[in-house]
Amino acid sequence: MSTSFQPWHHGNITRSEAEDLLSKAARDGSFLLRDSESIQGAYALCVLYQNCVYTYRILPNEERKLSVQASEGVPIQLFSVLSDLVETYYSPNMGLATHLQFPVQKEEEPEEEAEPVKYPPQLPPRNFSGGPSANGSKETHVGDSRGSEPACSSLVDTYLQRLQHIDMSNLPEEHHKSIEEYFHTSVSLDAEQVQNGNPTLPHLKKLTMGICKQLNSEISRTLPTLEAFQRLLDQQLSPGIGRLRTQVSSDSDQSVSFRLEQLTKLLYSIEEKAKTAVLEWAGYDGGHRKSLIPPITFEVKSELLGLTTKMFLKVDVETGKIYFKKSKDGPEDKYFVHNKILQLVKSQKVAKLVIMVETEKEKTLRKEFVFNDTKKREGFCQLLQQMKNKHSDKPEPDMITVFVGTWNMGNASPPHSIASWFQCKGQGKTRDDTADHIPHDIYVIGTQEDPLGEKEWIDTLKSALRATTNISFKQIATQTLWNIRIVVLAKPEHENRISHIFSDSVKTGIANALGNKGAVGVSFMFNGTSFGFVNSHLTSGSEKKIRRNQNYVSILRFLNLGDKKLNPFDITHRFTHLFWLGDLNYRIELPSTEAESIVTKIKQQQYQELLCRDQLTIEKGEEKVFLHYDEEEITFAPTYRFERDTRERYAYTKAKATGTKYNLPSWCDRVLRKSYPLVHVFCQSYGCTNDILTSDHSPVFSTFEVGVASQFVSKHDPSSVSQGGIKFMNCIATLMTKSKTKFFIEYHSSCLEKFVKSSEGENQDHSDGSIKVRFGNQVELVPIISDPEYLLDQHILLCVKSTDCDESYGEGCVALRAAESSYTEFHITLTHHGERTGTLTGGVQLRTSEGKQTEKLYDFIKVERDDSGASKGKGLDLINKFALPGDITNPSYMEVGYKSGGAKDRGWSYSMSPRSGSGGGGGVGGHGGKDQTHGNISPKKTVYDHGAGRSPTGKAADNVSEGGKPAEMFDNPLYGSMGKGGGPRGAKDQPDPQRSKDHLTPPDPIFSFTKPSDQDPDRPPLPTPRNRSYTCSETKPPSSATTASASASLLPQTYTKTPVKPSRSEGGMGQTSNRPHLPMKSRPGQADATPTKPKDYRDSSELLSKLRPPIRPIQPLPKEAHHEATQPPKMGRSAK
């Protein structure tokens, strides 16, 4: 079924590209064919009629006959080839919207200039179409039979020329003659066999069997002995070994290479088993298996009664103690054990740290220290996190750290030591020396132009890590495409936590057939969290950014990783965390005459001026690549192109036959990431080394602190647990398409037994280039586990599909954590193949069973916002009296802000509706930040310094109200929700009647949540804040002022006044003042938490303790308040 030379067949172009081509044609009856995106081997016939695109599937049957799925009532016709099918449908009345008239031909792509491959692969046939692959399978691509004779002759000439330059005088004469004879005559016969469909290369096999005749007989003599030895070492005899002997030892017809591979595997297996048995017998514990972190001492300053004194904090991770000493060599009699260290609170502006500790009398002390710099403070915090993790009584970790490194090795062997790469030493955001010995849980290393063999490189990496961490890391996965490689190593204790490992590669070299450029990827599950890693080497050349963009889309579409059940979704939506690393080859877009100026700016560290001209920053900002990916701020010099063996000079000129070629210094080597909404991920470091000089690229390192979910096992009897539920309602999709079809939504998640389809949506209006689809029916999903500890960590993937071709028109993700406390409205950007394809708005409501949530390790560190405006007003005397932080925030569930690229659009936002009868308001109050006029609070504006040099993208001092005046509001998640309430609405806040009309269905009052008062009074504190309004959208979604009106139509009207915009998550329910109230002094459900010593830690210096009240954005009211929603809650002094 040949389709290669049909002008109207466009191959695997995307649906949106097909629509663009038809729109350009702009004539009814214009058509083209493309490959189906949903069914392999099928096609899609796209026809333009009345400015709409109609799509019809062409499906093959079992006999590979083709038929068109046209209108009902039209007889089905079968065709052997596409050309006959197209010819038939030129006739009218064939069931299409209009008959085919004008074929839209493929746009001719400019011929690609061949990129020089510095060191071609050692197996030359990989360079030739139809030749054998290195691995015998995946590398093979069916070649074109055209021009076979010239190809064969060039093949023969190539090898004969090489033969003349190789000294074969020391070879046996018969071997020499056999090789010469093969390349003179037999290689062309093998090439002909390949073109005729026989890829076995019989003449090559005959040659190798002749050369290895003696070796073959020796293998036959040696293998049985080794197999018997292996069986002897096995703890129990396996019947599989006997079968192996029959297959390998006795079968002399197998190729020599296969039998050698088996022999090699047997030798490795024997060595490993013997070593393990002897070490166990000798009682050897491995030596290198446990990391020993030496005690580290920090010099700090402490203020007491206005006097500053020098102190020393000694952290002993192994014993789980922190010592407070007045001198470096002083006595170590004053210390706190790990379980008595309750909280670390970091100041945003200075290197100050508050340590909350519990004394023997169960009192909470607040100890305040100032470090020399934020880098030292971050090292201290990382050591304490390591201590808490090491001595935790939890069976599974809830946070891990991941090292992600990329290095273009320049086809040169690495130096003797690459330790600085793994220790994150050099330029940029680097780790403090005190954190040198803290090992990461997972190391992901991507290389390009890697000259080493796979085993040699992995041994090099393991040796380097063993030297720096004292741990023998386990190899989890590796994938290689020519000289592009990715390796994943993990701590030995994590080996059983990692499962569902997949790897794949995609070629993007010339004609997408050569592997000198492309990508390799690895994915796996770490307990209940999915990870994906992509290492890519994109097209080089300053002028080829469009080709690089195309490389990115190709990798996105064709790299096959992750859960195969998530077929409608590409890799951007398949993983909780996706990391994309490599030599992306994006350059600084300046003329070559600016080379010296660029070097001068680099020496002066004026990086921001150059980053404004960075192609990746520009293309990403224009949403052409890496839509919704994050990259940490770049504070290191360009990593390419250096003179080798130095980092003092850039070699930006290269003499070629055609003239001088310029390679301006550029940030070619990058690490980006994309995560699901409301998950914990934070970049600890991002930089490059200074002392690894063998390549013209510097290695780039990055490290991430990542929250992970456990493989949840409920402790409750399933029959006694109430069934949970997830309800989606009021969904409206706005799709950027000209397709004339109907749509439905698919809901996918690992928390569901199987994916769920919605009913068909109603197309409400069809303006030029877009269509609005309303899904009126509610969809209720039944989770496999209803416990909140499990369910709040889950995400629902949504895919809007067409009924005609079952193809995706856009995918998005909703975090169930957003609906933790109440009905929540969401606004998500739909994407497909890396492009923005529309938006989806709606509401989600969650019902969980009874259950506790445990505090996470990443909640151990919080960040204090130094808000000078918060100190105004009498109502804050209580706070000021005890010098409590102005705001404590944890980026756990609030995507950490990134400066690089200026990307503010996260692709999602949530607006929490106020709960009926709840006195605390609808979530953690808004900060009055700049983004208020955009409707929702941006995560980039509401997260604060969580590490060395970590600073918010929107400073607290910049807080402004809508009128442009400084906001006087005080917001602290520890004290419930406070924000500016009441006040007349401005013009911007007028309800959108269209939005109100769109959202008609109220949330189901029966679909209620677990009553807060019924919860366990000993419930541990929860991470803060969880229910904030999240958005990063620069293009203001219609949820700013309109969410309030939508909420008004959705929720029971029990308020005495119109609630404030819930999109800001502000309080204001039943408040009579523009100022927020302080929270109630007692909380229902908490009175009995400490029956012997009832305490309120908010009213004393004992702010946080082992039994501190839960930190919940929405606090429950007493039972009577649920019946009298209009009655103002009993509060403390109002903040005036």
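**Close-up 1. A salt bridge between K177 and E173 in helix α4.** In this predicted model, the side chains of K177 and E173 pair up with 3.4 Å from N to O; a salt bridge here is a side-chain nitrogen of Lys or Arg within 4 Å of a carboxyl oxygen of Asp or Glu. The two residues sit four apart in helix α4 (residues 173-195), so about one helical turn separates them. Helices are DSSP runs of H or I with at least four residues, strands are E runs of at least two, and both are numbered from the N terminus. K177 and E173 are both exposed, where exposed means over 50% relative accessible area, buried under 20% and partly exposed in between (1.4 Å probe, protein chains only).

**Close-up 2. E622 meets K624.** The closest N and O atoms of this salt bridge lie 3.1 Å apart. E622 is partly exposed, because its relative accessibility is 45%. K624 also has 45% relative accessibility, so this residue counts as partly exposed too.

**Close-up 3. K856 and D793 join distant parts of the chain.** Here the closest N and O atoms of the salt bridge are 3.8 Å apart. K856 belongs to the loop between β36 (835-847) and β37 (861-864), while D793 lies in the loop between α16 (788-791) and β33 (795-802), 63 residues away. With a relative accessible area of 10%, K856 is buried.

**Setting for the views. The whole protein chain.** The chain has 21 helices and 39 strands, and the structure holds 39 salt bridges. Buried residues make up 55% of its 1136 residues.

**Notes.** Residues are numbered from 1 along each chain as its sequence is written, and side-chain values use heavy atoms, leaving out hydrogens and water. As this is a predicted model, local features need pLDDT of at least 70 and side-chain atom pairs count only at pLDDT 80 or more, whereas totals for chains, interfaces and linings use all residues.
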